[in-house]
Structures are given as C-alpha cells and as structure tokens.
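Hello,

Here is the structure I said I would pass on. My notes on what turned up in it follow below.

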Amino acid sequence: MIGKSLKIILVLAGVYLLYVVVSCVIVPSFHEPKDDSSWKPKIDLNQNDIKGMSPDKVVLLQDREDSGLARLQLIKNAKESVDISTYAIHKGPYADLFFGCIFDAANRGVKVRILLDGIVNKFNRDLRLYSYAIFTHPNIELKYYEPLHLGKPWTWNNRFHDKLFIIDEEIALVGGRNIGDKYFSAAGSKGASNDRDVLVFTEAKRNKASVLTQMADYYQFVWEHPYTEKAVKKISHRKEELGKNKEKEALLSLKNAKDIYPLPINKDIDWKKDAYPTEKVYFLYNPHQRINKDPLIWKELVSLSEQATKSIYLESPYIVPTKKMLEYVDSEKITVGHLKVLTNSVASTPNLLAFSGYWFNRKEIIGSVDELFEYQAKTESLHGKTYIFDGRISLIGSYNLDARSTFLNTETMVLIDSKDFAHYLQKELNKTIDQHSLQVLEDGSYKNDNKVKEAEAATWKKWIVKTMSYVVKLVDFLV
C-alpha cells in the first residue's frame with residue numbers, strides 16, 4: 001500500500017515538474033513577443049527639433065553612501081506622497097533605517113506606497129513582519145507584483161525589476177540599486193555593489209512637459225495592474241502585535257541612526273546643487289506582458305547604436321547577447337567610430353549564472369567592440385547599467401544587457417538628452433575604467449597596466465564559470 005502511494009506521489013511530482021519545465025523553459029524558448037507596431041525611437045540623433053530647454057534637471061548619484069543617504073532624506077523631507085518600487089529589500093541595518101523613515105513619514109501624514117517583486121521578497125522574514133505593520137497603518141500600502149503561485153508557473157519568469165522613487169510628484173530617483181546594505185556601504189566594505197542613480201526634478205508639479213508626470217502615471221498603472229496584489233489581506237491579532245513591535249524597532253533605529261549609519265541623516269543636504277539642465281528627459285519601461293515582452297528598451301538601445309557616429313560607452317554587470325536579441329540588430333547599420341564596454345571580471349562578479357552566459361560569448365564580444373574592460377576587484381562588483389551615445393544621450397536605470405532584462409523582466413530607465421550631463425557621466429565612467437579595470441586583449445588576456453592590478457579569482461570560481469557557461473548557453477534566453 002505504501003509502495004503504491006509512493007508511486008502515485010512520484011508520478012504526480014513528475015507531471016508537475018514537466019508542467020513547470022514546459023511553462024518556464026519550453027514555451028519562452030518559442031514564444032514570440034507581441035510587437036507594438038506604433039513604437040518609434042524617442043531620439044533622432046541626426047536632428048535636434050527640441051525647442052527650448054526641458055523643465056527637468058538631473059543629478060548623478062553614484063557614491064554608495066551618498067545614494068543611500070539621498071533615499072533616506074528624500075523620504076524624510078516628503079510632504080505629501082512617497083511612491084517606491086524596487087526589485088528587492090534585503091535584511092539589514094539600512095533596511096531598518098529605510099522603514100524607520102517610511103513609518104516616520106507616514107506618522108506625519110505622508111501617503112506611502114511600496115511595490116515589490118512578489119517572489120524574491122517572499123522569504124524575507126523581516127519584510128514579512130514589516131508587512132504586518134504596514135497592513136494596520138492608515139498611510140502605508142504594500143503590494144507585490146506577480147506573487148508566487150504554484151499553479152501558474154508561466155508567471156514565474158515575469159519578474160518586477162523596476163527601481164523608482166517618486167517624492168511629492170516633484171522629484172524622482174531612477175537607477176539600478178535595490179534596498180540593502182551592500183548597495184550603500186562605506187568604501188572598502190566586503191561584497192559592496194557599485195551602481196548609479198539619477199535624481200530628476202522639476203520646479204513645477206504636474207507639468208505635462210516633465211518626465212515626472214510620465215513616471216507618476218506609470219507608477220499608478222502598475223499599482224492598479226492585474227498582476228499586482230496586496231502583500232497582506234488579513235492578519236491575526238498575534239501578527240498585528242508582531243508588526244507593531246517591528247515598527248517600534250524601525251523607529252528606534254531611526255532615532256539612533258548615528259550609531260548605525262555613519263552619514264548625517266538629519267542634516268539637510270542640497271542634492272539639487274549639482275544639477276544639469278536637459279534638452280529632454282524620457283522615461284523608458286518594458287511593457288507588462290507575461291512570457292516574452294516586446295523588448296522596447298532593447299529596441300531603443302539598438303536604434304541609438306545605429307544612429308551613433310562618434311562613440312558608444314556601455315556598462316553592464318554582465319553581457320549576454322542571445323540569438324533572439326540579435327535578431328533586432330542589423331550589424332551593417334552600426335558604424336560608430338568607437339565602442340567602449342565595461343563589465344565585471346570573474347573575480348568581481350557575484351552572479352555566476354549570468355556571468356557564465358557572458359563568459360561563453362566573451363571571445364565574440366572582444367572581436368565586436370573596440371575596447372572591452374573588466375572590473376578588477378574581489379570584494380566589490382559592478383551593478384551599474386549605463387549607456388552613452390555620441391557624448392549626448394545617456395541612459396541609466398535597471399536594464400542589464402541580457403535576455404532576462406530584454407524579454408522577461410519589467411525594467412525602468414531614464415533617457416537624458418544633455419551634452420553636459422553625458423560628458424560628466426562619460427568622465428566618471430572613465431574613472432572606473434582607468435583606476436579599477438583592465439582591458440581585455442584579443443586572446444582573452446589582460447593588457448598590462450601599471451596603475452591597475454589584476455584581481456585573481458579563486459580556482460573554484462573560474463572552474464564553475466567555465467563549466468556553467470556551456471550549460472547556460474542552452475538556456476541563455478532565461479538568464
């Protein structure tokens with residue numbers, strides 16, 4: 001009897017596993033995204049028909065501590081509303097300060113909304129406790145995008161990768177950072193992740209010409225989307241008490257912030273003083289479709305690559321060009337003078353799966369660009385997604401150069417038309433290249449550089465990357 005029951009269980013498990021593989025692997029490999037025939041590139045580099053300046057100004061935030069401080073201060077100074085979307089919130093002191101600021105703002109009447117990915121955050125116990133506190137608070141709401149549903153595995157690939165802060169609909173922060181210690185840690189911190197954010201602001205609220213109006217409308221669209229659900233629908237008295245205790249802990253962390261966080265949270269800093277004027281700022285995002293999306297951000301990057309004549313600067317944590325991505329590229333149309341690329345090295349990457357996809361294509365990438373550089377560090381990594389075209393157009397946001405960001409994830413980016421900002425961003429990117437990176441030669445070795453020492457990766461790490469690269473190639477459309 002036991003043997004028969006076990007056979008039934010194994011058969012059912014096998015059927016379910018097959019169901020998952022078909023839904024998550026087989027179908028995406030064949031599914032063609034629905035094409036938006038009305039799509040047009042945002043920018044024509046060959047002409048400038050913009051009359052006057054944009055009402056939007058931009059500030060580059062790339063120092064980890066500054067970026068962390070900016071988020072806390074933006075929430076602290078909010079008067080009416082705070083809308084936040086991010087892929088993940090990681091347990092740790094920074095997250096506690098973050099929620100301390102959230103509760104403090106809500107307690108003084110600010111309306112707060114938080115949108116998170118529904119799978120990667122599911123097993124964060126601290127976040128679960130915070131969700132109980134949020135459920136009982138009249139001024140805070142928390143929703144999950146595509147929460148885990150075991151009966152709908154075709155939704156599992158549709159991950160929410162947006163990173164967006166909107167404060168009072170007057171200032172916004174767009175970038176690639178999640179909420180967690182490693183993204184905002186001090187210099188020399190082990191496991192630190194280096195990224196970039198753009199602060200966008202306008203002096204006139206709800207100015208139709210401002211990109212902030214587009215951002216606010218987009219946030220509202222996702223907030224009300226059928227894929228989005230309330231994080232908590234009901235709680236017991238015990239969970240309500242657990243939530244209240246967690247809220248008290250967060251507010252206590254904020255009160256004692258100087259003992260937890262080395263930067264002056266309570267000191268007012270003028271983040272706008274380093275702003276650059278712009279010709280125009282555009283907000284880019286992938287459509288909200290399941291399985292494979294129409295790759296709108298990738299189309300924009302391809303269009304800009306075809307238009308560029310002078311230079312392209314490209315930074316991504318990993319670069320995994322797939323067959324389906326390259327179907328959108330006509331290499332004969334790309335005639336840019338110089339293509340410079342920066343990504344992680346084996347030593348610096350924390351994402352072995354995605355990096356293995358890059359490693360399989362590394363030789364081909366070397367042959368298709370003018371300069372390929374790899375970041376040299378063992379305790380830090382690159383997480384930035386930065387693209388610069390002809391020293392004029394800059395893109396910063398959450399989009400990685402891989403199939404997952406192209407077809408599967410939601411993504412957000414800002415496209416900035418500003419020569420001054422692009423030149424500054426290019427200068428900052430060159431600092432990372434000159435001070436912390438090595439150029440990859442045609443044979444895969446590094447060019448000698450007296451200023452930068454090669455970060456030697458552990459043998460086990462090299463072996464895993466090389467071995468996995470052949471496996472990942474078979475499913476690179478999911479990476």
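Please keep in mind that this is a predicted model. I have sorted the notes by topic.

Helices

Helix H3 covers residues 93-107 and has 15 residues. From its first C-alpha to its last it reaches 21 Å, close to the 21 Å expected at 1.5 Å a residue. H3 is mostly covered, with 12 of its 15 residues buried; among them are Tyr 94, Asp 96, Phe 98, Phe 99, Cys 101 and Phe 103. Just after H3, Gly 109 has a positive phi of about 105 degrees.

Helix H8 has 12 residues and reaches 17 Å between its first and last C-alpha, close to the 16 Å expected at 1.5 Å a residue. The buried residues of H8 include Trp 298, Lys 299, Glu 300 and Gln 307.

Salt bridges

There are 20 salt bridges in the structure. One of them is between the side chains of Arg 64 and Glu 380, at 3.5 Å from N to O. This pair links distant parts of the chain, as Arg 64 is in helix H2 (residues 64-76) and Glu 380 is in strand E15 (residues 380-382), 316 residues apart. Arg 64 is buried, with a relative accessible area of 7%, and Glu 380 is buried at 16%.

Lys 244 and Glu 240 also meet in a salt bridge, at 3.6 Å from N to O. These two residues are four apart in helix H6 (residues 237-255), so about one helical turn separates them. Lys 244 is partly exposed at 34% relative accessibility, and Glu 240 is partly exposed at 26%.

Asp 274 forms a salt bridge with Lys 273, and the closest N and O atoms are 3.1 Å apart. Asp 274 counts as partly exposed at 46%, while Lys 273 is exposed at 56%.

Aromatic rings

The structure holds 21 aromatic pairs. Phe 360 and Tyr 470 form an edge-to-face pair, 5.8 Å centre to centre with 90 degrees between the planes. Phe 360 lies in helix H10 (residues 352-368) and Tyr 470 in helix H13 (residues 459-474), so the pair ties together parts that are 110 residues apart in sequence. Phe 360 is partly exposed at 36%, and Tyr 470 counts as exposed at 59%.

Ring pairs also link Phe 98, Phe 99, Phe 103, Tyr 130 and Phe 165 into a cluster. Phe 98, Phe 99 and Phe 103 are among the buried residues of H3.

Two lysines lie over ring faces: Lys 280 over Tyr 282, at 5.9 Å from the ring centre, and Lys 324 over Phe 407, at 5.9 Å from the ring centre.

Surface and backbone

Leu 17, Leu 18, Val 21, Val 22, Ile 26, Val 27 and Phe 30 make a nonpolar surface patch of about 620 Å². Val 21 is in helix H1 (residues 2-30) and is partly exposed, with a relative accessible area of 33%.

Ile 291 is not a glycine, yet its phi is positive, near 65 degrees. Ile 291 is in the loop between strand E11 (280-285) and helix H8 (296-307). Asp 390 also has a positive phi without being a glycine, at about 55 degrees. Asp 390 sits in the loop between strand E16 (386-389) and strand E17 (393-397) and is buried, with a relative accessible area of 16%.

Regards

Notes. Residues are numbered from 1 along each chain as its sequence is written. This is a predicted model: local features need pLDDT of at least 70, side-chain atom pairs count only at pLDDT 80 or more; totals for chains, interfaces and linings use all residues. Side-chain values use heavy atoms; hydrogens and water are left out. The expected span of a helix is 1.5 Å times one less than its number of residues. Buried means under 20% relative accessible area, exposed over 50%, partly exposed in between (1.4 Å probe, protein chains only). Patches are made of residues with over 30% relative accessible area and no salt bridge: like charges are joined within 9 Å, nonpolar side chains (Val, Leu, Ile, Met, Phe, Trp, Tyr) within 5 Å. Accessible areas come from the Shrake-Rupley method with a 1.4 Å probe; for residues, only the protein chains shown count as cover. A salt bridge is a side-chain nitrogen of Lys or Arg within 4 Å of a carboxyl oxygen of Asp or Glu. Rings of Phe, Tyr and Trp (its six-membered ring) pair if their centres lie within 6.5 Å; planes under 30 degrees apart count as stacked, over 60 as edge-to-face and the rest as tilted. A charge sits over a ring if NZ of Lys or CZ of Arg is within 6 Å of the ring centre and within 35 degrees of the ring normal.
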